[in-house]
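Dear colleague,

Please find below the structure I promised to hand over. My notes on it follow.

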Amino acid sequence: MTNMITHETEVLANEEVKPGFYHLYLSAPVLAEVATPGQFALLRCASDNVADPLLRRPLSFSNAFPERGEITFLYQVRGKGTKELSRLRAGHLVDVMGPLGTGFRLPDHRQPIAIIGCGVGVAPLIYLAHYGAQKGHEVYTFLGARSRDSLLYDPILVANSTDIVVATEDGSDGIKGNITALLKKYPHDLKMCGSAYICGPEAAMEAAASICNSFGVPCQVSLESIMACGVGACLGCTCTTTRHVNYTRVCTEGPVFDAQEVFFHG
Ligand SMILES: Cc1cc2nc3c(=O)[nH]c(=O)nc-3n(C[C@H](O)[C@H](O)[C@H](O)COP(=O)(O)OP(=O)(O)OC[C@H]3O[C@@H](n4cnc5c(N)ncnc54)[C@H](O)[C@@H]3O)c2cc1C
Ligand code: FES
């Protein structure tokens with residue numbers, strides 16, 4: 001939890017990139033310097049620090065640009081908090097607490113990495129792809145979504161991917177099928193990766209992790225849970241892992257875990 005603090009940030013832009021999916025750009029020079037891929041922040045969702053909804057909502061950093069002091073979040077509108085977030089406009093002030101949690105670990109050598117994202121689960125992986133490419137890793141990207149309308153082709157993800165393949169469940173883009181079908185269709189790209197990184201609904205993560213495991217590719221997953229304090233105090237975010245069967249905290253010990261230590265409940 002080094003450098004964790006609350007920051008008053010300013011909205012630079014809040015763009016609807018696909019129906020119900022928004023890209024939020026904030027001016028936050030300190031966070032842009034210290035946040036690492038896979039870490040997250042708790043955002044107060046209403047502008048100018050209005051306290052409704054009371055609890056901040058967790059979002060993973062979808063990128064950080066220290067050179068221009070910006071951070072970004074990619075989010076889907078689900079309920080009250082994210083609806084409020086979508087109303088923010090340039091110039092609004094937002095209270096952001098972070099960076100929180102334990103992020104992704106890259107392989108030691110410059111081995112290729114696989115990015116496996118389903119729906120808005122791609123958010124933290126955009127930052128990882130950008131960061132990994134800067135560190136000299138080739139990035140092989142596998143994207144899944146229900147349809148073209150929820151397929152999040154982020155330009156920075158595309159620019160940093162050596163190759164990118166896509167599946168949609170309705171066949172409106174890429175191959176027709178889910179993430180499992182996509183990984184099975186392109187096993188060569190996956191098998192040459194030193195590590196894979198998966199984020200999306202739990203059932204999809206479990207299935208993708210099982211394929212990576214069968215190919216001998218170690219993988220990390222980013223888990224979601226409902227959160228309150230975000231700093232390990234309330235036990236409101238626990239998941240089940242081999243570390244502590246009843247109370248592994250997603251907010252501090254995660255959100256990133258080795259897939260093999262997680263008991264999925266998808
Ligand atoms: C570490 C972490 C990182 C996350 N990163 C992102 C991200 O980058 N982009 C993104 O779009 N979302 C992300 N989420 C999920 C996001 O936090 C929830 O979608 C959000 O809190 C919902 O708040 P709300 O007020 O809009 O909805 P609510 O009114 O609170 O709930 C609406 C619906 O969403 C469900 N829900 C609420 N919180 C969560 C949650 N944490 N996970 C799954 N379902 C939930 C509820 O059960 C309900 O069905 C992340 C969650 C965690 C824990
Ligand atoms: S949210 Fe309080 S312990 Fe994780």
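This is a predicted model: local features need pLDDT of at least 70, side-chain atom pairs count only at pLDDT 80 or more; totals for chains, interfaces and linings use all residues.

The C-alpha atoms fill a box of roughly 50 × 40 × 35 Å along the principal axes. Of the 266 residues, 46% count as buried. Among contacts between residues at least 6 apart in sequence, 65% join residues at least 24 apart. The secondary structure consists of seven helices and 16 strands.

The sheet

An open sheet of seven strands is present, with the order β4-β3-β7-β1-β2-β6-β5 and antiparallel pairing. The edges are taken by β4 (57-60) and β5 (63-65); each has a single partner strand, so one side of each is left without a neighbour in the sheet. From one strand to the next, the twist averages 35°.

Strand β2 (residues 21-27) deserves a separate description. Six of its seven residues are buried, so β2 is largely enclosed by the rest of the structure. Strand β1 (residues 5-18) is joined to β2 by seven bridges, and the two run antiparallel. Within this pair, E10 has S27 of β2 as its bridge partner. Two residues lie between the strands of the β1 and β2 hairpin, where G20 takes a positive phi near 85°. β2 also pairs with strand β6 (residues 70-76), in the antiparallel sense and over seven bridges. Here L26 stands opposite I71 in β6.

Elsewhere in the sheet, strand β3 (residues 40-43) and strand β7 (residues 93-100) run antiparallel and are joined by three bridges. The bridge partner of F40 in β7 is L100. Helix α3 (residues 123-134) lies across β4, β5 and β6, and runs at about 45° to β5.

The domains

The domain assignment divides the protein chain into domain 1 (5-100), domain 2 (104-219) and domain 3 (223-266). The centres of domain 2 and domain 3, taken over C-alpha atoms, are separated by 22 Å. Nine residues of domain 2 are in contact with five residues of domain 3. On the side of domain 2 that touches domain 3, helix α7 (residues 202-214) supplies the largest share, five residues. By class, that side of domain 2 has seven nonpolar residues, two charged residues and no polar ones.

One loop residue

I would also draw your attention to R243, which is found in the loop between β14 (238-239) and β15 (248-249). Is R243 buried or partly exposed? A residue needs 20 or more C-beta neighbours within 10 Å to be buried, and 12 or fewer to be exposed. R243 has 14 C-beta neighbours inside 10 Å, and therefore counts as partly exposed. Leaving aside residues up to four places away in sequence, R243 touches T248, E253 and E261. R243 and E253 are ten residues apart in sequence, and their C-alpha atoms are 9.7 Å apart in space.

With kind regards

Conventions
Residues are numbered from 1 along each chain as its sequence is written. Chains are lettered from A and ligands numbered from 1 in the order in which they are written. Helices (H or I, at least four residues) and strands (E, at least two) are DSSP runs, numbered from the N terminus. Two residues are in contact if their C-beta atoms, placed from the backbone, lie within 7 Å. Two strands pair if DSSP finds at least two bridges between them. Domain bounds come from an automatic or database domain assignment. Ala, Val, Leu, Ile, Met, Phe, Trp, Tyr, Cys and Pro count as nonpolar, Asp, Glu, Lys and Arg as charged, and the others, Gly among them, as polar. Axes are lines fitted to C-alpha atoms, for helices over the stretch in contact, and angles run from 0 to 180 degrees between N-to-C directions.
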